[in-house]
Amino acid sequence: MSPEISPSQREDPVIEMLRGLAACMVVGTHYASMVATHPGLWGFASTGVDLFFVLSGYVFAPYLHGRPLATLPHLVRRFFRLVPLYWTALACYLLLSSLQGRAMLYVPEHFLFLHTARSLEIATYYNSAFWSLPPEVEFYLVLPILAWAATRWRLAWGVALAVAMHLALVAAADPASQAVTARAIATIHLPGLLCEFALGAMAWHLVQTAPGGKQRALRLVLGLLALAATMALFHAFIADTGAQRDPAPLWIGGNMGLLAATAYALLVSAVAGAPGAARQVPLAAFWFWLGQCSYGVYLLHNASPQALQLLGWKPQGWAGILACILLTLCAAWMAHKAIEHPMRTWGRRISLRWQARPRPAQG
């Protein structure tokens, strides 16, 4: 078997740009408190995490359509892609906590991606953005199983099963209870979020399997559907956050991520892989660069306000936001150059070396 090509080596620039957009959205929702007492529609930007999940499903969709996946090389690549920069970011937050006089608690849980398995306090103790990493790791771990299953059942059945699993977890919720139950934990892990990765995979399927002559019309239809879905998502978000006396029904609040992922999957299928789409994006070079640094931006942006406070300035207002953004971009770029890119390259080399080893002859 020929050496496996990493999906990232075949990605089109639009995917990288969308990663940059997702990172901006998450930063926006976390920095909104510097200029507003209530996030309002800024809170909608938190769905950038759902866009990240959809993009992961899109990138790895070829493995659900028959591309060979060698399990051990795949896990090696994912380890070097995700873990070194995460551990570096965790060390930064540990240092900041120590300098601020906070107790350095729950370190083993964070080190092993178990920080969202027990309580909200542990999950958000160092960086609230860390919550999305465990389901990403879980998706990478089960991808070989999903790829094997996809050779026996149609992808649409898998998407339907993932959505049904999510809806079942939402339906089982008790709105009056604030307890951290097994159901609540499953909701923010792969059982509740697999549907978002699956929608990303379906986005790839919609375009890649369409006849070449019909792709342009299909993308137009998907783009219009994405616009309609986004408008519906805004309406659902306002219903979920705007009425204080009459909370929105559980089916809205509990399904915000699913609604967002549906809209983003339609958007991704409409623009990703389209000929010349990247060149039509304003400031395309900047968005592509931001996409390359997006993981560092996501991990480190909550450290910037803490670092500035240690220097004697509590960032507030638009000046504070600008200072935090500049610090975050510089830190993310340096982390990409010094850690993320070298570790990712090293992981690819190791995985290709292992995959190239000759297999023992069958008796």
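Predicted model: local features only at pLDDT ≥ 70, side-chain atom pairs only at ≥ 80, totals over all residues.
**Salt bridges**

The structure holds three salt bridges.

| Salt bridge | N to O distance |
|---|---|
| Glu16 and Arg19 | 2.7 Å |
| Arg81 and Glu340 | 2.7 Å |
| Arg118 and Glu109 | 2.8 Å |

Start with Glu16 and Arg19, whose side chains meet in a salt bridge. Both residues sit in helix α1, three residues apart. That spacing is about one turn of the helix. Glu16 has a relative accessibility of 13%, so it counts as buried. Arg19 is buried too, at 14%.

Next comes the salt bridge between Arg81 and Glu340. This pair links distant parts of the chain, 259 residues apart. Arg81 belongs to helix α3 (residues 71-99), and Glu340 to helix α16 (residues 317-355). Arg81 counts as buried because its relative accessibility, 14%, is under 20%. Glu340 is also buried, with a relative accessible area of 4%.

Arg118 and Glu109 form another salt bridge. Here Glu109 is buried, at 16% relative accessible area.

**The second largest pocket**

The second largest pocket has a volume of about 450 Å³. It is lined by 19 residues. Closest to its centre are Val14, Val271, Ala277, Gln280 and Val281. Three helices, α1 (13-31), α10 (215-241) and α12 (256-271), each supply at least two residues of the lining. Helix α1 also holds Glu16 and Arg19.

Key:
Residues numbered from 1 in each chain as written. Heavy atoms only, no water. 1 Å grid on protein atoms, 1.4 Å probe; cavity = no way out; pocket = protein on both sides within 12 Å on 5 of 7 lines; lining within 4 Å. Points joined across faces, edges and corners; volume = space filled by probe spheres on them. Helix = DSSP H or I, 4+ residues; strand = E, 2+ residues; numbered from the N terminus. Salt bridge = Lys/Arg side-chain N within 4 Å of Asp/Glu carboxyl O. Buried < 20%, exposed > 50% of the residue type's maximum accessible area, 1.4 Å probe, protein only.
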